[in-house]
Amino acid sequence: MTGESEPVGLNDVSVLVPSSADEAVAAFGDGNGVTVVAGGTIVMPDLSAGRLRPKSALLLGRAGLAGITRANGKVTIGAATPVSALVDADAPLAQAAKHIGDIEVRSQATLGGNVCAVSSDDTPRGDLQAALLALGATVRSAGKGGERNDALEDFFADGAGRLVLDVSYDDVPRQAGYAAVWRPHTHHYTILAVAAARRDGDLRIAATGVAPRAVLLDPESPLESLELRDDALASAWYRARLLPRLVTRVLADLEEDG
Ligand SMILES: Cc1cc2nc3c(=O)[nH]c(=O)nc-3n(C[C@H](O)[C@H](O)[C@H](O)COP(=O)(O)OP(=O)(O)OC[C@H]3O[C@@H](n4cnc5c(N)ncnc54)[C@H](O)[C@@H]3O)c2cc1C
C-alpha cells in the first residue's frame, strides 16, 4: 500500500509503556508527537487504516491510572478506568456508560478515551461527556505548562493535546435524568443523548450527538447556538426534532427522582 492511507508499521513508531502515573506524565512531556493509546477502540482502527501516523505511542494500560475513589467529598475516576466499571456509577454517568457500544467495547474503552473522543463523520462519540458535564466534572491533566485542573467545558475549549489523568465531581446527593436514542445494532452507537443533574436547585443539562463534543444546553431553548449535522446514523433534521423531546423527558425524570 502507498500514499496517505499506507498503514504505519510498528517499527516506525516508538512505543512507550509507563508503569506509573509519574512515568506517564514524564513520557508524555509537552505531548508533541505523542499519541495516547488507552483502550484503543478509536486509535487502533485509525492506526491500522493509516489515518494516524504518530512518532510515538504512549500506552496507558499499565500506568496505574484506573480506579474509582470517593474521598474528601469528591468522586475521582482515573483516566484508564474501563467504561464497564462505570455501569454502577452515579446517575446519570451510569446510564451513559451502560449504553456505550456493547460489552466488548465497554470492557476495552476507557473514561479518558471517551472524554477525549471527538465525533467522527459517521457517528457521534463521547457519551460520557454529557453526563460528566451535567455532574459539573473537572479534569486533571498534564502537558505543556504542567498539571492543570479545568472544568470539563473549559477543557473541551482548550485542553487538546493534554494527557488526561482523572476526572472528579462532588460526591453529593442530586437528582439526575438521562434519555437517549440508539440505532439498534449489535455494536450500537448513540444517536443523541441528554443528561441532567440538579443539586440545590442548580440544574445542569448537556447533550451528546449534537456537536463534535458534548455541550451544555439551555433547557428553555435547547437548540440555540447548535449547528446540527447529518451523519451515518441520523440527519440534522431528525436530531432537531428529537432534542427538545429528550430534554422534556429528562426534566420529567428529575421531578420523579426528587
Ligand atoms: C463498535 C463500537 C461502538 C462504539 N460505541 C460507542 C458509543 O455508543 N458511545 C461512545 O461514546 N463511543 C462509542 N464508541 C467509541 C469508543 O469506543 C469510545 O468513545 C471509547 O470510550 C473511547 O475510549 P478508548 O479508551 O478506547 O479511546 P482510545 O481509542 O484509546 O483514544 C481515543 C482518543 O482519546 C485520546 N486519549 C485516550 N486516553 C487519553 C488520555 N488519558 N489523555 C489524553 N488523550 C487520551 C487518544 O489519543 C485518542 O485521540 C464505539 C466504538 C466502537 C468500535
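**Entry 1: before starting**

I kept in mind that this is a predicted model.

**Entry 2: salt bridges**

I began with charged pairs. Side chains of opposite charge can pair when their charged atoms come close. The count I got was twelve salt bridges, and I looked up a few of them.

R51 is exposed, at 59% relative accessibility.

Next I looked at R140 and D166, a salt bridge with its closest N and O atoms 2.8 Å apart. This pair links distant parts of the chain, as R140 is in strand β6 (residues 138–142) and D166 is in strand β8 (residues 163–170), 26 residues apart. I noted R140 as partly exposed, with a relative accessible area of 25%, and D166 as buried, with 10%.

Then I found R148 and D150, where the closest N and O atoms of the salt bridge are 3.0 Å apart. R148 is partly exposed at 26%, while D150 is buried at 12%.

I also wrote down a network of salt bridges that links R70, D90 and D171.

**Entry 3: helix α6**

How many residues of helix α6 (residues 127–134) are buried? I found eight of its eight, so I put the helix down as mostly covered, using the under 20% cut-off for each residue. Among the buried residues of α6 are D127, Q129 and L133. Just after α6, I noticed that G136 takes a positive phi of about 70°.

I picked V115, which sits in helix α5 (residues 111–116). V115 is buried, with a relative accessible area of 1%. V115 and L128 are 13 residues apart in sequence, yet their C-alpha atoms are 6.8 Å apart in space. Which residues touch V115, leaving aside neighbours within four places in sequence? I listed Q129, L132, L152, F155, F156 and V167 as its contacts. Two of those names, Q129 and L132, were also on my list of buried residues in α6.

T35 was my other pick, and I found this residue in strand β2 (residues 34–37). T35 is buried as well, at 16% relative accessibility. With neighbours within four places in sequence set aside, T35 is in contact with V43, L52, P54, S56, A57 and L58.

**Entry 4: around the ligand**

I then turned to the ligand. Of the 30 residues around the ligand, V36, G39, T41, I42 and T110 come nearest.

- G40 places a backbone N or O atom 2.8 Å from a ligand oxygen.
- T41 has a polar side-chain atom 2.5 Å from a ligand oxygen.
- T110 has a side-chain N or O atom 2.7 Å from a ligand oxygen.

How much of the ligand does the protein cover? On its own the ligand has 970 Å² of accessible area, and the protein covers 89% of this. The elements giving two or more residues to the shell are β2, α5 and β8. The largest share, four residues, comes from α5, the helix where I had found V115. I ended by sorting the shell residues into 14 nonpolar, 13 polar and three charged.

Note on methods: Residues are numbered from 1 along each chain as its sequence is written. This is a predicted model: local features need pLDDT of at least 70, side-chain atom pairs count only at pLDDT 80 or more; totals for chains, interfaces and linings use all residues. Side-chain values use heavy atoms; hydrogens and water are left out. A salt bridge is a side-chain nitrogen of Lys or Arg within 4 Å of a carboxyl oxygen of Asp or Glu. Buried means under 20% relative accessible area, exposed over 50%, partly exposed in between (1.4 Å probe, protein chains only). Contact means heavy atoms within 4.5 Å. A residue is near a molecule or strand if one of its heavy atoms lies within 4 Å of it. A polar contact is a pair of N or O atoms within 3.5 Å; within protein, one must be able to donate a hydrogen and the other to accept it, and residues adjacent in sequence count only if both atoms are side-chain atoms. Accessible areas come from the Shrake-Rupley method with a 1.4 Å probe; for residues, only the protein chains shown count as cover. Ala, Val, Leu, Ile, Met, Phe, Trp, Tyr, Cys and Pro count as nonpolar, Asp, Glu, Lys and Arg as charged, and the others, Gly among them, as polar.
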